[in-house]
Amino acid sequence: MLARVVENVYWLSRYMERAENTARIINVNAHLLLDLPKGIAPGWLPLVDISGNRAEFDAKSHKLEERDVVQFLAADPENPGSLYSSLQMARENARTLREILPTEAWEMLNEFHSEFMRELSTGLAKRARFRFLNDVVGNLQKISGVLDGTMSRNASHTFLILGRNLERADMTSRIVDVRSAQLLPAETPELRPFETVQWMSVLKSLSAYQMYRGAVRSRVRRADVLEFLLRNRQFPRACMFCLDQVEHELKSLQRGEPVVDRLDAVRRFMARAPLEALDQAGLHAFIDRLQLHINELHNGIARIFFPKPQISGVQQLSQQGQTQSQTRLAF
Amino acid sequence: MKANWSTYPTAGLHDELVGPGGGARAAARALLGYLTELGGTEIAVRQQAAEMAIRAMGITFTVYHEQDGSIDRAWPLDIIPRTISRKEWQRIEKGLIQRAAALNLFIDDVYHEQRFIREGRMPREIIHTSKNFRASCMGVKPPLGIWAHICGSDLIRDRDGTVYVLEDNLRVPSGVSYMLENRQVIKRVFPELFESSTILPVDDYPSQLFDMLASLSPRKGETPEVVVLTPGIYNSAYFEHSYLARQMGCELVEGRDLAVDSSDCVYMQTVDGWSRVDVIYRRIDDDFLDPEAFRDDSTLGVPGLMRAWKKGNVALANAPGAGVADDKLVYTYVPDMIKYYLGEDAILENVPSFRCSEPDQLSHVLANLHELVVKPVDGSGGYGMLMGPSSSKSERAQFAKALKANPRSFVAQPVITLSTVPTLVGDLIEPRHVDLRPFILSGPQTSVTTGGLTRVALRKGSLVVNSSQGGGSKDTWIVDTEA
């Protein structure tokens with residue numbers, strides 16, 4: 001399997017996952033706002049923070065917060081993290097993978113992409129939006145399902161899973177970070193019901209609410225939610241679960257060891273964190289470091305498996321066999 | 001509305017399906033009867049279904065547009081197939097095999113003894129002034145002595161029914177994937193017809209192509225690593241490159257995926273490290289293949305690839321330099337080549353051509369520009385031609401100037417009124433001109449696709465069938481009328 005091809009599979013998978021999560025958080029935010037009293041509602045800007053593109057957003061002129069944020073997150077071609085850009089990039093990557101992807105998956109993605117572009121302007125109108133974004137999530141899950149159901153478990157599938165899980169771990173950590181920073185302090189008894197509502201919305205933005213209830217049978221509490229979303233090993237959007245998946249896939253690759261070692265360190269780091277005791281600042285610092293770790297995992301994968309710039313000078317490649325990754329040439 | 005073939009215009013034309021007077025030709029009898037039953041409205045509905053299938057299957061071609069850069073367009077397919085009887089096809093097939101054999105012997109001769117030239121069959125300058133002659137290929141011995149492993153020859157039929165070879169594409173001929181996909185779509189649209197008549201299948205091309213490529217591998221006894229080399233996703237034929245790689249189960253590589261090491265072997269960069277490559281089906285022009293050997297500004301190619309090929313460490317299909325026989329002036333000598341190398345008469349005729357390189361022929365061409373087609377010898381895609389009868393005075397003056405300045409660069413031919421096939425225009429059926437591009441694979445055996453890609457000029461009266469210039473395509477049926 002070509003190095004360039006697995007890189008494209010990896011990015012296809014990340015962009016699909018990113019698009020799905022973006023559609024999800026917009027819908028959940030809309031629902032949350034309906035449940036909160038006007039004066040204390042956090043509004044729409046936290047979503048821009050989650051996407052990590054605040055500077056790009058602030059550079060534009062704004063009138064109506066909701067419309068502008070939704071436009072920025074869903075439809076803005078200049079926002080590299082928007083739903084629009086993610087789908088565009090997913091399709092561009094898929095286009096280079098026609099000989100790798102199951103034909104049905106490509107056909108679905110292609111059809112979904114053109115449908116999305118066609119309906120984008122009407123789909124984001126407030127009345128249509130919930131359904132439109134829900135369809136985005138549904139379509140992307142359908143495509144993931146076809147990929148999972150029809151791709152051989154070879155290197156390209158490995159990188160599909162790697163991309164998906166690193167993106168997921170990253171997104172879950174962002175959502176936890178930004179949301180918990182904006183949550184209302186539960187200092188007064190009147191506000192307590194609203195705290196619960198907000199933590200519930202955090203869970204829902206990750207489709208985690210039902211699974212959380214199944215696993216944690218008490219009132220929705222900050223400490224339990226953090227534990228569940230960061231360290232649960234059974235829920236597929238929890239950071240720890242995603243990292244377990246990454247490890248599993250890396251072990252199927254001949255040259256995955258250095259990244260597996262790094263991954264072990266990340267998991268030890270996560271296991272040590274005293275989540276319950278962390279205050280907001282402590283949690284933020286913890287997640288900051290977690291994200292750096294996730295980014296390093298990506299860099300490790302890229303360094304080993306993705307294409308290097310072309311060779312300079314004359315090199316001897318012929319001894320470069322299946323077992324000699326340690327003698328890899330410096331390109 | 002019922003399709004009415006008796007009012008279908010065939011006067012002054014040769015229609016592939018409808019004979020003079022509106023009767024069906026033998027190979028088209030079942031098809032026309034079926035279309036008559038269906039009626040225009042229902043045919044139009046099926047056409048829409050075909051177009052939806054094409055969009056959903058992502059069958060596209062890329063056109064370069066000045067404002068928008070490169071755009072993916074849905075592949076244009078007209079659902080009314082073009083039919084040829086099996087009996088006629090057998091003769092054409094024989095002719096194509098004969099032609100490919102002679103062309104390969106000629107190319108091998110050009111890069112070795114040049115007997116054809118030394119014995120005075122062709123002036124030496126023609127070779128040395130051919131844009132696609134590669135001096136660096138002199139003396140190279142590719143496996144089996146074959147240079148043009150994949151050849152796409154364009155066939156046309158004149159109004160008197162004669163089939164001519166219009167040109168031979170020996171560099172990187174494209175279109176075969178559309179031939180295969182057209183059949184997939186048409187099977188979805190007209191399943192009934194495939195049940196009731198004997199239409200010969202086309203779909204074993206990818207496995208034949210793979211077997212031919214694998215047979216070129218320099219490492220005998222090992223499973224050959226065959227790859228398809230593409231310029232990338234912005235190339236107009238990228239769909240085809242990817243399609244063929246997928247159908248053959250090969251890697252689709254770009255130049256940047258490959259490297260040549262100090263022992264002149266070719267490797268590709270895989271997820272497990274570098275891995276040896278044996279055969280490259282390259283879809284990049286010679287010029288861009290190896291920046292060390294040809295254009296040094298090429299970023300598409302692989303430095304050192306020519307070294308590896310000359311040493312016999314990797315096979316390239318088609319071989320570099322094969323395009324020397326692709327030149328339209330060289331084309332005019334193909335019947336002589338067949339005679340010279342095979343001792344046979346050509347089964348398929350060339351379009352009568354004037355060599356502007358020869359003074360008496362040039363003056364004839366200059367005097368008759370208004371009724372001739374003038375073509376650049378190295379052109380493709382239907383660009384840069386003069387269509388005499390429809391040309392303006394100033395266009396003719398321009399061409400006359402160019403011809404006198406550079407006679408070697410042009411050939412001229414009489415205008416051939418290409419045969420027609422009924423084609424859907426709105427919900428009416430009208431004749432449109434077509435050509436046919438079959439593909440010939442030369443390896444240990446020579447094989448020809450069953451039929452080929454029929455291209456159709458969608459504009460009324462137009463003779464330009466190229467998809468980059470508004471041409472469409474049709475499924476091509478070789479029909480066994482005796483079965």
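**Reading a two-chain model**

User: Leaving aside its neighbours within four places in sequence, which residues is B:Ser153 in contact with?

Analyst: B:Ser153 is in contact with B:Leu96, B:Arg99, B:Val165, B:Asp168, B:Pro438 and B:Ile440. Keep in mind that this is a predicted model. B:Ser153 itself sits in strand β4 (residues 150-157) of chain B.

User: Is B:Ser153 buried or exposed?

Analyst: Count the C-beta atoms around the residue; 20 or more within 10 Å makes it buried. B:Ser153 has 26 others within 10 Å, so it is buried.

User: What does the radius of gyration say about chain B?

Analyst: For 483 residues that is near 23 Å, and chain B has 23 Å, so the two agree. Then look at sequence separation. Of the contacts in chain B with a separation of 6 or more, 69% come from residues 24 or more positions apart.

User: What is the secondary structure of chain A?

Analyst: Chain A has 14 helices and zero strands. Its radius of gyration is 21 Å, close to the 20 Å from the globule rule for 331 residues, so chain A is as compact as a globular protein of that length. The box of its C-alpha atoms is roughly 70 × 50 × 40 Å along the principal axes. Buried residues make up 42% of the 331. Among contacts between residues at least 6 apart, 67% join residues at least 24 apart.

User: How do I read a helix pair? At what angle do α13 and α14 of chain A cross?

Analyst: Start with the axes. Those of α13 (residues 257-272) and α14 (residues 280-305) of chain A come within 10 Å and cross at roughly 175°. An angle over 145 degrees counts as roughly antiparallel. That makes α13(A) roughly antiparallel to α14(A).

User: Which residues meet between α13(A) and α14(A)?

Analyst: From α13(A), they include A:Pro258, A:Val259, A:Leu263 and A:Phe269. From α14(A), they include A:Leu290, A:His293, A:Leu297 and A:Ile301. The residues of this contact divide into ten nonpolar, two polar and two charged.

User: Now a helix face. Which residues of α7 of chain B are buried?

Analyst: List the buried residues, then look down the axis. In α7 (residues 205-214) of chain B they are B:Tyr205, B:Leu209, B:Met212 and B:Leu213. They fall within an arc of 95°, so they line one face of the helix. Their packing partners in chain B include α5 (176-189), α8 and β20 (439-442).

User: What about α12 of chain B; which residues are buried there?

Analyst: In α12 (residues 334-342) of chain B, B:Val334, B:Met337 and B:Ile338 are buried. Their arc is only 100° around the axis, which puts them on the same side of α12(B). The cover includes α2 (86-110), α3 (115-118), α11 (328-331) and β13 (349-350) of chain B. Just after α12(B), B:Gly343 takes a positive phi of about 65°.

User: Which residues other than glycine have a positive phi?

Analyst: Two cases will do. A:Ser207 has phi near 50°. A:Ser207 lies in the loop between α9 (192-205) and α10 (209-215) of chain A. B:Asp264 has phi of about 60°, and lies in the loop between β8 (258-260) and β9 of chain B. With 18 C-beta neighbours inside 10 Å, B:Asp264 counts as partly exposed.

User: Where is there a cis peptide bond?

Analyst: Check omega. The bond joining B:Ala317 and B:Asn318 is cis, with omega about -10°. B:Asn318 is in the loop between β12 and α11 of chain B.

User: Last, the interface. How many residues of chain B are in contact with chain A?

Analyst: In chain B, 26 residues are in contact with 30 residues of chain A. β9(B) gives the most to that side of chain B, with four residues. The side of chain B that touches chain A divides into twelve nonpolar, seven polar and seven charged residues.

Terms used: Residues numbered from 1 in each chain as written. Chains lettered and ligands numbered in written order. Predicted model: local features only at pLDDT ≥ 70, side-chain atom pairs only at ≥ 80, totals over all residues. Buried ≥ 20, exposed ≤ 12 C-beta atoms within 10 Å, placed from the backbone. Helix = DSSP H or I, 4+ residues; strand = E, 2+ residues; numbered from the N terminus. Arc of directions from axis to C-beta. Contact = placed C-beta atoms within 7 Å. Nonpolar A, V, L, I, M, F, W, Y, C, P; charged D, E, K, R; others polar. Axes fitted to C-alpha atoms, helices over the stretch in contact; angles between N-to-C directions. Parallel < 35°, antiparallel > 145°, perpendicular 65-115°, else oblique. Rg over C-alpha atoms; globule rule 2.2 N^0.38 Å.
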